[in-house]
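Q: I would like to learn how to read a few features of a protein model. Can we go through them one at a time?

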Amino acid sequence: MIQKPKTPSRIDFPGFEDDQATVIDRQIERVQPPKMYRVVLLNDDFTPMEFVVMVIQEYFHKDQESATRIMLQVHLEGKGVCGVYTKDVAATKVEQIVDRSREAGHPLQCRMEEA
């Protein structure tokens, strides 16, 4: 005859009385998605439109049409959103664009805003 294995009970654990038992509730941790940030170019009266389009294409991997649309938004509305990224990626892109603009002798401003 085959016997089922015996499941442990409180009696099987010496030193544990019913009044000493503690029940721990299982807590589920929910991981929040990271905050996202918009990378925004700001308009100025000195940076050539062609340079702005080139920066958008190079750093945000946009095609000619999308880059031109964003550049016109910057020119006409004062600012334009180039992309939305996590904080570290957005900060890196802002730094790269500002450095590239200064190397080329342009005052193009770029910043990040919480999305």
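The dialogue below takes up the sheet, a helix, a loop residue and the aromatic rings of this predicted model.

Q: How do strands of a sheet pair in general, and what is the order of the strands here?

A: Strands pair through backbone hydrogen bonds, and the sense is either parallel or antiparallel. In this model three strands form an open sheet in the order S2-S1-S3, and the pairing is antiparallel. Strand S2 (79-86) and S3 each have a single partner strand, so they stand at the edges and one side of each has no neighbour in the sheet. From one strand to the next the twist averages 25°.

Q: How many bridges join S1 and S2?

A: Strand S1 (residues 36-42) pairs with S2 over seven bridges, in the antiparallel sense.

Q: Which strands does helix H2 lie across?

A: Helix H2 (residues 64-77) lies across S1 and S2, and runs at about 125° to S2.

Q: Is His 106 buried or exposed?

A: The cut-off for buried is under 20% relative accessible area. His 106 has 17%, so this residue counts as buried. His 106 lies in the loop between helix H3 (87-103) and strand S3 (109-114). Leaving out residues up to four places away in sequence, His 106 touches Thr 47, Pro 48, Phe 51 and Ser 101.

Q: How is a pair of aromatic rings described, and how many pairs are counted here?

A: A pair is described by the distance of the centres and the angle of the planes. With centres required to lie within 6.5 Å, the count is one aromatic pair.

Q: Which ring has the charged end of Lys 93 over it?

A: The charged end of Lys 93 sits over the ring of Tyr 85, at 5.2 Å from the ring centre.

Methods:
Residues numbered from 1 in each chain as written. Predicted model: local features only at pLDDT ≥ 70, side-chain atom pairs only at ≥ 80, totals over all residues. Heavy atoms only, no water. Phe/Tyr/Trp six-rings, centres within 6.5 Å; stacked < 30°, edge-to-face > 60°. Lys NZ or Arg CZ within 6 Å of the ring centre and 35° of its normal. Helix = DSSP H or I, 4+ residues; strand = E, 2+ residues; numbered from the N terminus. Buried < 20%, exposed > 50% of the residue type's maximum accessible area, 1.4 Å probe, protein only. Contact = heavy atoms within 4.5 Å. Pairing = 2+ DSSP bridges. Axes fitted to C-alpha atoms, helices over the stretch in contact; angles between N-to-C directions.
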